[in-house]
Amino acid sequence: MKKLLTVSVLAASVALGAGVATTASAAGDNVRIATNVPYKPMEYTKPDGTLTGFDIDLGNALCKQAGLHCSWVQQDWNGIIPGLMARKYDAIMSSMTINDARKKHVLFSTPYIVVPSAFFVPTGSSLHKIDAATLKGKKIGVQRGTVQDNYVTDKYGNIAIIKRYQNADDVAVDMSAGRLDAAFFDQITGQSTLIDPHPDKYRQAGPDITGPKKYFGDGFGIAFRKNEQGLAKKFDKALKAVRDNGTYARIYKKYFHKAPPAKDK
């Protein structure tokens with residue numbers, strides 16, 4: 001879902017955090033968590049400005065389980081890892097894909113959700129099977145700089161027309177106007193942006209896509225500074241507990257209207 005940070009931004013984030021020895025957990029039980037909105041249903045704001053979404057509810061449940069006093073900090077995506085290194089907050093919970101590039105700079109929790117990617121098309125589209133032959137010459141919309149952008153560019157960029165947009169809503173506008181043949185999103189973004197508001201107009205084409213890992217990583221995780229092993233362990237322990245006691249499943253069903261995969265229950 002979320003944009004990949006460039007190597008230069010990641011390097012700058014490490015420089016900002018270099019030499020910092022004091023950990024957030026050492027400061028007490030107050031933990032500031034950064035998130036980037038809006039990415040419904042993961043993190044977004046209600047009309048009154050209150051934060052909500054799967055990440056927010058799950059994050060609050062984890063904090064309660066761990067006995068931590070947590071607050072949320074809204075942060076632009078491009079500065080989210082540098083902000084962590086600069087100690088503007090203590091963790092990031094914002095639909096961040098766990099991948100090798102980020103592991104060089106931050107410490108991740110165990111994955112708290114694995115979200116596949118998928119192609120979405122108008123209901124009347126002839127696209128059902130997704131491969132190089134069916135996508136030849138097609139216009140595919142993606143959010144610029146995302147793992148979906150990287151994947152579709154590498155795999156189909158030489159045979160299809162890849163059109164990049166600032167956000168999912170902009171892709172939806174061009175889909176509605178007939179300027180795109182398909183959109184490639186993480187599955188929950190495509191579902192909430194296209195299918196849920198217009199079930200008669202759009203459908204998913206082809207199966208969910210979860211690999212290769214070099215693009216799609218290991219799911220979404222909570223990011224910490226590398227010297228925050230103690231804080232990360234608290235969140236990992238809390239995540240196991242809320243899965244075991246049914247809290248995770250209740251939150252999952254609230255936002256995705258179905259039970260979580262068996263491994264996450």
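Buried residues (under 20% relative accessible area, against over 50% for exposed and in between for partly exposed, with a 1.4 Å probe and protein chains only) make up 51% of the 265 residues in the protein chain. This is a predicted model, where local features need pLDDT of at least 70, side-chain atom pairs count only at pLDDT 80 or more, and totals for chains, interfaces and linings use all residues. Residues are numbered from 1 along each chain as its sequence is written, and side-chain values use heavy atoms, with hydrogens and water left out.

**Overall picture**
- You will find eleven helices and twelve strands in the protein chain, taken as DSSP runs (H or I, at least four residues, for helices; E, at least two, for strands) and numbered from the N terminus.
- Of the contacts (heavy atoms within 4.5 Å) between residues at least 6 apart in sequence, 72% join residues at least 24 apart.

**Strand E10 and its partners**
- Strand E10, residues 182-186, is mostly covered, with five of its five residues buried.
- E10 pairs (DSSP finds at least two bridges between paired strands) with strand E7, residues 117-122, in the antiparallel sense over four bridges; here alanine 118 stands opposite phenylalanine 185.
- With strand E8, residues 139-143, E10 pairs in the parallel sense over two bridges, and isoleucine 140 has alanine 182 as its bridge partner.

**The disulfide**
- The whole structure holds one disulfide (cysteine sulfur atoms within 2.5 Å).
- Cysteine 63 and cysteine 70 form it, with their sulfur atoms 2.0 Å apart.
- The torsion about their S-S bond is about -90°, so this disulfide is left-handed.
- Cysteine 63 is buried at a relative accessible area of 3%, while cysteine 70 is partly exposed at 23%.
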